Protein chains: 2
Amino acid sequence: MGKTYIAGIDIGGTGTKIGLVDEKGNIVSQATMPTNCATTAKEFVETVWNKTVGLAGNLTISGIGIGAPNGNYYNGCIENAPNLPWRGRIELSRMFSEVSGLRAIVTNDANAAAMGEMKFGGAKGLDHFIYITLGTGVGSGIVSGGKMIYGHDGMAGELGHTIVVPGGRSCGCGRRGCLEMYASVRGIVFTMNELMQDNPEVSALETTENLQSKHIYQAAVNGDKLALQAFDITASVLGIALANAVAFSSPSHIFIFGGLANSGDILMQPLRRYFEENLLNVYQNKVCIEPSLLPDSDAAILGAAALALDEL
Amino acid sequence: MGKTYIAGIDIGGTGTKIGLVDEKGNIVSQATMPTNCATTAKEFVETVWNKTVGLAGNLTISGIGIGAPNGNYYNGCIENAPNLPWRGRIELSRMFSEVSGLRAIVTNDANAAAMGEMKFGGAKGLDHFIYITLGTGVGSGIVSGGKMIYGHDGMAGELGHTIVVPGGRSCGCGRRGCLEMYASVRGIVFTMNELMQDNPEVSALETTENLQSKHIYQAAVNGDKLALQAFDITASVLGIALANAVAFSSPSHIFIFGGLANSGDILMQPLRRYFEENLLNVYQNKVCIEPSLLPDSDAAILGAAALALDEL
């Protein structure tokens, strides 16, 4: 049998990434294209597949893994993903199988990334861990007994939408106090703006529409008090949410990925402190919180590929 | 092969229940004895096993299932259970095996009860559900993909100690705002006392040391405004906690058991409303919240037996 390559496809709101991945997690070839490159989902799938075949050249592709917002592992569909150009239920898995003749497996982007961490990253050999992405939103994948928790309908693992501050900030989901409104890159900007309004002229930063989490990070690195406080508040809310998650599935590790996870000790130090403070005693000093070992740019492709590798 | 009987043993702070259970969940014989009936754990195990053999008469016992506070499925031990007479680590599974020559399986009481619900109660045939006990404390068992979630150390499923009211009521565990302080039989008494202090002479009840949840229930049934409000507050906190739990494992059902669960619509009606209000839209109108179908008095024995049946 020749070498096995998997097409890992990561469908995002703006761009779609395609990578050919070998069994060891090496990306041998990759490309990016705009997600709105076609008018219908069917045309999109054909365009992506043609691109994938071109990337492969004379390599043999043995399966397809797809990560997408609202992707459902059980039925291979995405449904009403708010950031994607197609409305209603899109049968991604069926469409990719038809155009390629291969098995195509779908899951949501955070679950895919968690699979990538398990197959190729810091979670290799771990059976019980939680993976959480702190990007524009907050997503998560929960692995227990070596298996991804999908739930009865494939929709498990939405820690970003657990309510951690009852009656708190309004979330895009229509409720209040979701973790995502505090621990995402948007959340920390919100926190920083609140702090600057309450404490004018304390920070070197200014409240503008262009304020981004990277500016807050840079200011914190430079010792800006309010920026450090913004990270502290973020860590305190995330610390409670992760401690609550531990009471659920008692993982040995928690991996943090994406935008805010790249802040290093500025986030991790207060996070580990608040996390331990909020853990029930039976869990204390047992759970490692670590940044993901996968590079930001490749994690989604590797994750999508890991998903397919796991099943083939 | 003759009929199989399992010894289901439920070790509680006051009493220990023993039952002989057949494969269909019939308790053919049972007994109760005080948990402090012996000075050492070893003597306790011998006493319980002698009693069990006496109960069995000429029936053949093929295995032992044990539910106990802080019981650990992986290592068969209980460790520092605050309400049991023995300190440190007690190797229950090994002790019962030695005295009986049979396999003995241990888990915590709430996990055992969840197994009972799955084998003999309302969760028959369900692969994804959450079981929560609203008694003196709040315990839980989480089943995903047909398997109990034990976590890396056997300690998963402590929903009673998720923090739902940050900075809220002081809990016996040393932290603040745990679900247990609101949604247990002690929690609702606390809530009722708070309400009566803030609204003197509105309720027919009075703040005494003897106020119990059953009095609040009876007052609520009779239309007492504050008692109804106490149930409403309990339901609102529990509704958030259960909605957050759904975002974790996306179960099809949630089963509620114990003290407060026997309050019927007085609790279930506001609970279902708050639960739906706090669910992320993808989960709405999909998850059934139901009272347990197992009788209070037998659930623990049946659960312990179900645990052993599942493994033998």
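**Aromatic pairing and charged contacts**

Reply: A:Phe129 and A:Phe255 are both buried (buried is under 20% relative accessible area, exposed is over 50%, and partly exposed lies in between, with a 1.4 Å probe and protein chains only). This is a predicted model, in which local features need pLDDT of at least 70 and side-chain atom pairs count only at pLDDT 80 or more, whereas totals for chains, interfaces and linings use all residues. Residues are numbered from 1 along each chain as its sequence is written, chains are lettered from A and ligands numbered from 1 in the order in which they are written, and side-chain values rest on heavy atoms, with hydrogens and water left out.

Over all chains there are 13 aromatic pairs (rings of Phe, Tyr and Trp, the last by its six-membered ring, with centres within 6.5 Å; planes under 30 degrees apart are stacked, over 60 edge-to-face, and the rest tilted). One of them joins A:Phe129 to A:Phe255 in an edge-to-face arrangement, with 5.8 Å between the centres and 85 degrees between the planes. This pair links distant parts of the chain, as A:Phe129 belongs to strand 8 (residues 129–134) of chain A and A:Phe255 to strand 11 (residues 253–257), 126 residues apart (helices, H or I with at least four residues, and strands, E with at least two, are DSSP runs numbered from the N terminus). A:Tyr73, A:Tyr74 and A:Tyr150 form one aromatic cluster.

A:Thr136 is exposed, at 56% relative accessible area. Apart from residues up to four places away in sequence, A:Thr136 touches A:Ser184, A:Val185 and A:Arg186 (contact means heavy atoms within 4.5 Å). Its C-alpha atom is separated by 16 Å from that of A:Asn111, 25 residues away along the chain.

The contact between the chains draws 38 residues from chain B and 38 residues from chain A. Together the two chains bury about 3200 Å², 64% of it on carbon and sulfur atoms (buried area is the accessible area, by a 1.4 Å probe, that two parts lose on being put together, summed over both). On the chain B side, B:His152, B:Phe248 and B:Leu280 lose the most area to chain A, together 24% of what that side buries. From the chain A side, A:Asn244, in helix 7 (residues 225–249), is in contact with B:His161, B:Thr162 and B:Ile163, leaving aside its neighbours within four places in sequence. A:Asn244 is buried, with a relative accessible area of 14%.

Two salt bridges run between chain B and chain A (a side-chain nitrogen of Lys or Arg within 4 Å of a carboxyl oxygen of Asp or Glu). In a salt bridge between B:Lys286 and A:Asp153, the closest N and O atoms are 2.8 Å apart. Strand 9 (138–144), helix 7 (225–249) and helix 8 (265–278) of chain B each supply at least two residues to the side of chain B that touches chain A. Helix 7 of chain B gives the largest share, six residues.

Over all chains the structure holds 24 salt bridges. In chain B, B:Glu79 and B:Arg89 meet at 3.4 Å, N to O. That pair links strand 5 (residues 78–79) to strand 6 (residues 89–90), ten residues apart. B:Glu79 is partly exposed at 33%, and B:Arg89 is partly exposed at 49%.

B:Glu98 and B:Arg94 form a salt bridge at 2.8 Å, N to O. They are separated by about one helical turn because they stand four residues apart in helix 2 (residues 92–100) of chain B. B:Glu98 is exposed at 57%, while B:Arg94 is partly exposed at 39%.

The salt bridge between B:Glu194 and B:Arg169 has its closest N and O atoms 3.2 Å apart. B:Glu194 lies in helix 5 (residues 185–198) of chain B and B:Arg169 in the loop between strand 10 (147–148) and helix 4 (180–183), so the pair ties together parts 25 residues apart in sequence. B:Glu194 is partly exposed at 37%, whereas B:Arg169 is buried at 9%. In chain A, A:Glu91, A:Arg94 and A:Glu98 are linked in a network of salt bridges.
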